Amino acid sequence: MKERIVGQAISIEVAVDNVFAWYRDAGVDEALFDCPLDRFEAAEIAKTNAPPVSVAPGVEAPDVPLQRGGSPRSLPHTMPTRVPIVDVAAMDIASAAVDLAGLRESLAVFEGCPLKQTAKNLVFGEGNPNASVMFIGEAPGADEDREGRPFVGVSGRLLDRMMASIGLDRDLAYITNILPWRPPGNREPTPAEVTACLPFIQKHIQLVAPSVLVLVGGTAAKTLLTRKEGIMRLRGRWLEYKPAETVDSIPALATFHPAFLLRSPAQKSNAWRDFLMIKKKRET
């Protein structure tokens, strides 16, 4: 009898370990709430209270199909857009900031992105506020979320070494992300989350006013360059970031995210070529 009970206990322990391993492999590496969250209900509430959106001047907003009774139906997740849709409420809050400290305070009180409710910390940016080179990634990871600093995990240390190879460090460059809050499980940000935070990164770029932008990863490149191509097609060539304000465009280079390079080390040679292009641009 005792041996049977011990055997059952071991079986249960193995089953629990297997469940945790499955969650870990799926990217679920920490608990966020004590009780389950009904995300279907949250989505319906967000849809009902959705803020107004606007697009660039002179461009028509995409047509929204109607349901019976004339109410708008939600757009498909993969619907292509020619220009980034902008959250008007976020744009008003971001535009009021006159310096980086004010922009950080604006993000701290902004409630328009649900990621704020699940993240531990706001990850703003760090480095030289007068830097000529500005690196922009996708979103914080688990290490960044815990420390409240961008690019501090394993991929962040790789980025530090990549910058050092061309004579840059965090005292000479400026580093931030498209999103200031970590998506749960390090998943890819949704279009709605990017839309909510877009005015803040646009203002961030305006306040730092770099002469060169380095867009680290596909999400940053596609969002700020308003392109549909993936990072494989966008990297390795100089493109232009065009601010909403009537100022000159900024040379922008897309490159691989360090996290991707850790998974695909064969691409490090291409990333090295990208960084040599950054070095040459700084010297001219």
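At 0% relative accessibility, Cys197 counts as buried (buried means under 20% relative accessible area, exposed over 50%, partly exposed in between, with a 1.4 Å probe and protein chains only as cover). Cys113 is buried too, with a relative accessible area of 1%. The disulfide count for the protein is zero, where a disulfide is a pair of cysteine sulfur atoms within 2.5 Å. For Cys113, the nearest cysteine sulfur is that of Cys197, 3.9 Å away, and Cys113 is in no disulfide. Cys197, likewise, is in no disulfide, its nearest cysteine sulfur being that of Cys113.

## What kind of model this is

This is a predicted model, so to speak of a local feature takes pLDDT of at least 70, and side-chain atom pairs count only at pLDDT 80 or more, while totals for chains, interfaces and linings use all residues. Residues are numbered from 1 along each chain as its sequence is written, and side-chain values use heavy atoms, with hydrogens and water left out.

## The protein overall

The protein has twelve helices and eight strands; these are DSSP runs numbered from the N terminus, H or I of at least four residues for helices and E of at least two for strands. Of its 284 residues, 38% are buried. The accessible surface comes to about 16,500 Å², and carbon and sulfur atoms hold 55% of that (areas by the Shrake-Rupley method with a 1.4 Å probe; for residues, only the protein chains shown count as cover).

Now for contacts, meaning heavy atoms within 4.5 Å. Take those with a separation of 6 or more: residues 24 or more positions apart account for 70% of them.

Six strands form an open sheet with mixed pairing, in the order 3-5-4-6-8-7. Two strands count as paired if DSSP finds at least two bridges between them. Strand 3 (125-127) and strand 7 sit at the edges, each pairing on one side only. Ignoring direction, neighbouring strands are turned by 25° against each other on average. Helix 9 (residues 218-225) packs on this sheet and touches strand 4, strand 6, strand 7 and strand 8; its direction makes about 130° with that of strand 6. Axes here are lines fitted to C-alpha atoms, for helices over the stretch in contact, and angles run from 0 to 180 degrees between N-to-C directions.

## Strand 5 and its partners

Strand 5 runs antiparallel to strand 3, joined by three bridges, and parallel to strand 4, joined by four.

Strand 7 (residues 238-241) has Leu239 and Tyr241 on a covered face, with Trp238 and Glu240 on an uncovered one. In a regular strand the side chains alternate between the two faces of the sheet. Strand 7 pairs with strand 8 (residues 250-255) in the antiparallel sense, over four bridges. Tyr241 has its bridge partner in strand 8, namely Ile250.

Phe151 is in the loop between helix 6 (142-147) and helix 7 (154-164). Its phi is near 50°, a positive value in a residue other than glycine, and Phe151 is buried at 3% relative accessible area. Gly153 is in the loop between helix 6 and helix 7, and counts as buried at 4%. Leaving aside neighbours within four places in sequence, Gly153 is in contact with Asp143 and Glu144.

## Another positive phi

Ala209, in the loop between helix 8 (191-208) and strand 6 (212-216), has a phi near 55°, again a positive value in a residue other than glycine. At 52% relative accessibility, Ala209 counts as exposed, whereas Phe151 is buried.
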